[in-house]
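Take a look at the structure below. Then follow this short tour, one region at a time.

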Amino acid sequence: MGADHSKHPHAVGEEVMRPRAHGTCDRPVQEELRWGVDRSTADRICCFNRRFAERSGYFRSTALLSEGAGGGGAEIQFRDSVTGKVLFVAPRGRTWEQFVAESEAHGWPSFRDQEVEWSAVGVLGDGEVVSLDGTHLGHNLPDAKGNRYCINLVSVAGTAPPDDE
């Protein structure tokens with residue numbers, strides 16, 4: 001008998017994604033995003049989208065892989081591109097190579113439950129993964145290992161807010 005993946009660790013309701021001043025967000029994405037991601041794509045995916053994603057493999061065209069490889073396996077904080085809040089920390093409970101291999105196999109950065117900062121992230125009933133501030137992040141696509149959160153890199157390329165550095 002396998003694990004029950006029908007329940008999300010932090011289920012949230014549709015009210016999280018209610019209309020706000022800038023789509024589902026209070027404001028546009030940050031001016032300077034990490035890894036050289038495209039700001040226009042980030043704003044569209046984060047704040048004016050509920051279903052679509054950056055193109056498969058987009059993260060490979062950014063500086064993420066070289067930064068992570070140069071970190072000697074150290075954890076990387078993936079921050080909301082709108083608020084700068086930490087949403088995911090990876091790799092956690094696995095190696096950088098394992099994180100990259102899984103992400104490359106699926107086409108998007110793929111996080112596991114232990115890598116999610118549940119104080120800032122929720123999952124809607126249809127599997128949409130969102131920040132509690134209204135940023136669209138991606139989708140939960142469970143597999144035999146458990147919940148797998150396929151996340152748009154443009155949604156988690158934020159920098160720390162000035163009061164959090």
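Which residue stands opposite I151 in strand 7? The residue is G138. Keep in mind that this is a predicted model.

## Strand 6 and its partners

V129 stands opposite G138 in strand 6. Two strands therefore pair with strand 6. Strand 5, residues 128–131, runs antiparallel to strand 6 and is joined to it by three bridges. Strand 7 also pairs with strand 6 in the antiparallel sense, again over three bridges.

Strands 5 and 6 form a hairpin. Four residues lie between the two strands. G134 sits in the turn, with a positive phi of about 100°.

Is strand 6 largely enclosed or largely open? Four of its five residues are buried, so strand 6 is largely enclosed by the rest of the structure.

N140 belongs to strand 6, which spans residues 136–140. The relative accessible area of N140 is 5%. The cut-off for buried is under 20%, so N140 counts as buried. Its side chain makes a polar contact with the side chain of N147, at 2.9 Å.

## The nonpolar cores

Nonpolar side chains tend to be buried together in soluble globular proteins. Here, the largest nonpolar core has 35 residues. Within this core, F78 and F88 touch the most other members. Several elements give two or more residues to the core, including helix 2 (64–70), strand 1 (76–79), strand 2 (86–90) and helix 3 (96–106). Helix 1 gives the largest share, four residues.

Which residues does F78 contact beyond its neighbours within four places in sequence? Among them are W35, L64, F88, F99, F111 and V156. The list also includes R34 and K85. Another core lies apart from the largest one. This other core has five residues, among them V12, V16, L124 and V130.

## A partly exposed proline

Where does P28 lie? P28 is in the segment before helix 1, which covers residues 39–47. The relative accessible area of P28 is 36%. Buried means under 20% and exposed means over 50%, so P28 is partly exposed.

Leaving out residues up to four places away in sequence, P28 touches H22, R39, D43 and V82. Q114 is another matter: P28 and Q114 are 86 residues apart along the chain, and their C-alpha atoms are separated by 29 Å.

Conventions. Residues numbered from 1 in each chain as written. Predicted model: local features only at pLDDT ≥ 70, side-chain atom pairs only at ≥ 80, totals over all residues. Heavy atoms only, no water. Buried < 20%, exposed > 50% of the residue type's maximum accessible area, 1.4 Å probe, protein only. Contact = heavy atoms within 4.5 Å. Polar contact = N/O pair within 3.5 Å; in protein donor to acceptor, adjacent residues only side chain to side chain. Core = buried A, V, L, I, M, F, W, Y, C linked by side-chain atoms within 4.5 Å.
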